[in-house]
Amino acid sequence: MSGRQGRLTVLAGPTAVGKGTVAAYVREHHPEIWISVSATTRPPRPGEVDGTHYWFVSDDEFDRMVDDGELLEWAVVHRAARYGTPRRPVEQALADGRPALLEIDLQGARQVRETMPGALFVFLAPPSWDELVRRLVGRGTESQEERDRRLQTARDELAAVTEFDVTVVNTEVHDAAEELVALMVGQ
Ligand code: 5GP
C-alpha cells in the first residue's frame with residue numbers, strides 16, 4: 001500500500017451518449033486507472049468475456065450479492081437486467097492508491113452520491129440534443145411509441161446534469177476520454 005488513498009470517479013450520462021465507448025478507451029490506453037467490473041444478470045453479447053467486461057451472474061447469485069451487502073450500488077437498467085458494482089474491489093483499488101472509475105447509469109450514480117459523497121461525479125453529455133436523438137433512434141427500426149419513450153427518457157436523463165460536479169462533452173471519444181483521465185489524475 002502506498003499510504004495514499006485513491007479517488008473514486010463516477011461516469012454517468014444519458015443512454016446512447018457513449019459511456020461504454022469512453023470507458024473502453026480508458027481501459028485500453030490508461031492502465032494506471034482501475035475500472036470497476038460490474039455484475040449483471042443480462043447474458044453476454046458475442047465477444048464479451050466474464051470477469052473482463054462484466055461478471056455474468058444468475059438472478060439467484062445477484063440476489064445473494066444484494067442480500068450480503070456485496071454491492072456498492074445496483075439498479076435495473078432499461079427495465080431489463082440488473083447491474084451492480086461489487087464493493088470490495090473498489091475499496092481495494094482505493095486503498096492501493098489507484099484512481100478508480102465506475103461507468104454506471106444515473107440511478108446507480110445517485111446511490112453512490114449517498115454512500116460516497118467524496119467521489120467525483122462526471123456527466124458525459126452529447127454535443128447536442130439532435131446528435132443524441134440521432135444516436136438513440138438512428139436506425140429508425142423502433143415504433144413511434146418506442147421512439148417517443150426513448151426521447152422522453154433522454155430528456156429526463158439530460159436534466160440530471162445539474163446533479164454532477166463536472167460535464168465532459170462526448171464529441172470525439174479520444175478527446176472525451178483524455179479529458180476524463182485528466183480530471184481523474186489531476187485532482
Ligand atoms: P450494457 O448492457 O449495454 O452493457 O449496459 C447498459 C447500461 O448499464 C449502461 O448505461 C451502463 O452504464 C449501465 N451499467 C453497467 N454497469 C452498471 C452497474 O454496475 N451499475 C449500474 N447502476 N449501471 C450499470
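**Entry 1: the ligand**

I started at Arg42, where a polar side-chain atom lies 2.7 Å from an oxygen atom of the ligand. This is a predicted model, and I read every distance here with that in mind.

Next I looked up Asp105. One of its polar side-chain atoms is 2.7 Å from a nitrogen atom of the ligand. Then I checked Thr85. An N or O atom in its side chain lies 3.4 Å from a ligand oxygen.

I then asked how much of the ligand the protein buries. On its own the ligand exposes 510 Å², and the protein buries 87% of that.

**Entry 2: the shell and the pocket**

Which residues come nearest to the ligand? I counted 15 residues around it, and Ser38, Arg42, Tyr54, Tyr83 and Glu103 come nearest.

I sorted the shell by residue type. Six of its residues are charged, five are nonpolar and four are polar.

I also looked at the space the ligand takes up. That space is the largest pocket. Two elements give two or more residues to the shell: strand E5 (71-77) and strand E6 (81-86).

**Entry 3: the sheet**

I turned to the strands. In what order do the five strands of the open sheet run? I traced E2-E7-E1-E8-E9, with parallel pairing. I noted for myself that strands of a sheet pair through backbone hydrogen bonds, either parallel or antiparallel.

I looked for the edges. Strand E2 (34-35) and strand E9 (166-169) are the edge strands, and each pairs on one side only.

**Entry 4: around strand E7**

I followed E7, residues 100-103, to its partners. E2 pairs with E7 in the parallel sense over two bridges. Strand E1, residues 8-12, pairs with E7 in the parallel sense too, over four bridges.

Which residue of E7 does Trp34 stand opposite? I found Ala100. I then checked Leu8, and Leu8 stands opposite Ala100 as well.

Conventions: Residues are numbered from 1 along each chain as its sequence is written. This is a predicted model: local features need pLDDT of at least 70, side-chain atom pairs count only at pLDDT 80 or more; totals for chains, interfaces and linings use all residues. Side-chain values use heavy atoms; hydrogens and water are left out. A residue is near a molecule or strand if one of its heavy atoms lies within 4 Å of it. A polar contact is a pair of N or O atoms within 3.5 Å; within protein, one must be able to donate a hydrogen and the other to accept it, and residues adjacent in sequence count only if both atoms are side-chain atoms. Accessible areas come from the Shrake-Rupley method with a 1.4 Å probe; for residues, only the protein chains shown count as cover. On a 1 Å grid over the protein atoms alone, a cavity is a set of points where a 1.4 Å probe fits but cannot get out, and a pocket is an open set with protein on both sides within 12 Å along at least five of seven lines; lining residues have an atom within 4 Å of a point. A molecule sits in a cavity or pocket if more than half of its atoms lie within 2 Å of its grid points. Ala, Val, Leu, Ile, Met, Phe, Trp, Tyr, Cys and Pro count as nonpolar, Asp, Glu, Lys and Arg as charged, and the others, Gly among them, as polar. Two strands pair if DSSP finds at least two bridges between them.
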